[in-house]
Amino acid sequence: MWRSDLDEEKVIKRLRWARRYEHFTPEYWARVFWSDECTVERGIGVRREWTFIRRKDQCRLHQVQGLPYQGKQVQQMFWAAFSGAQRRSGLILLFGGPEPERGGVNRFVIRDLYTENLPILLANEGSIFQHDNAPTYTAYVVRDALREMGIEVM
């Protein structure tokens, strides 16, 4: 099992975020478009499972699972966004740019993705866009593009 560690700083940031938006009604949340990317890898084997059992109790409760090393197989990254108002993007293939050392998805790929897709997806007045604050999404070139398109970011 894999468990995400939250240090005190992350806990404080998450609590601050929750308190900032605690007044949102279901109608207001329906305006928010949630987005994320995912890499799909063929032949990866056993998938990661999440546990909320304290680390010291995981062995005692047999909540530990070994993952055999399988090496890198064929990988493809996808991106999508959805809202509570029954609106969503399609599943969009992401291809790496020529600049990164390993040909991965970088800030320019994300800027182009957002420029092509967000104006259509967020066409309704008052739509709000959310991403996970990964460095690729918070790069200046991406933030500038979002600002130029007039997109409110949560």
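How many residues apart in helix 6 do arginine 147 and aspartate 144 lie? They lie three residues apart, about one turn of the helix. Helices here are DSSP runs of H or I with at least four residues, strands are runs of E with at least two, and both are numbered from the N terminus. This is a predicted model, in which local features need pLDDT of at least 70, side-chain atom pairs count only at pLDDT 80 or more, and totals for chains, interfaces and linings use all residues. Residues are numbered from 1 along each chain as its sequence is written, and side-chain values use heavy atoms, with hydrogens and water left out.

Arginine 147 and aspartate 144 form a salt bridge, with their closest N and O atoms 2.5 Å apart. A salt bridge is a side-chain nitrogen of Lys or Arg within 4 Å of a carboxyl oxygen of Asp or Glu. Arginine 147 is exposed, at 59% relative accessible area. Aspartate 144 is partly exposed, at 32%. Buried means under 20% relative accessible area, exposed means over 50%, and partly exposed falls in between (1.4 Å probe, protein chains only).

The salt-bridge count comes to three. Glutamate 9 pairs with lysine 13, at 3.4 Å between the closest N and O atoms. These two sit four residues apart in helix 1 (residues 8–21), so about one helical turn separates them. Lysine 13 is partly exposed, at 47%. Aspartate 112 also bridges to arginine 111, at 3.2 Å from N to O. Aspartate 112 is partly exposed at 34%, and arginine 111 is partly exposed at 26%.

Now the interior. In soluble globular proteins, nonpolar side chains tend to be buried together. A nonpolar core is a set of buried Ala, Val, Leu, Ile, Met, Phe, Trp, Tyr and Cys residues joined through side-chain atoms within 4.5 Å. The largest one here has 18 residues, and Trp79, Tyr114, Leu118 and Phe129 have the most contacts inside it. Strand 2 (75–83), strand 3 (92–94), helix 4 (107–121) and helix 6 (140–148) each give two or more residues to this core. Helix 4 gives the most, with six.

Take leucine 118. Leaving out residues up to four places away in sequence, leucine 118 touches Trp79, Leu113, Phe129, Leu146 and Ile151. Contact means heavy atoms within 4.5 Å.

Asparagine 106 lies in the loop between strand 3 and helix 4. This residue is buried, at 10% relative accessible area. A polar atom of the asparagine 106 side chain lies 3.1 Å from the backbone nitrogen of valine 109.

How values were computed
A polar contact is a pair of N or O atoms within 3.5 Å; within protein, one must be able to donate a hydrogen and the other to accept it, and residues adjacent in sequence count only if both atoms are side-chain atoms.
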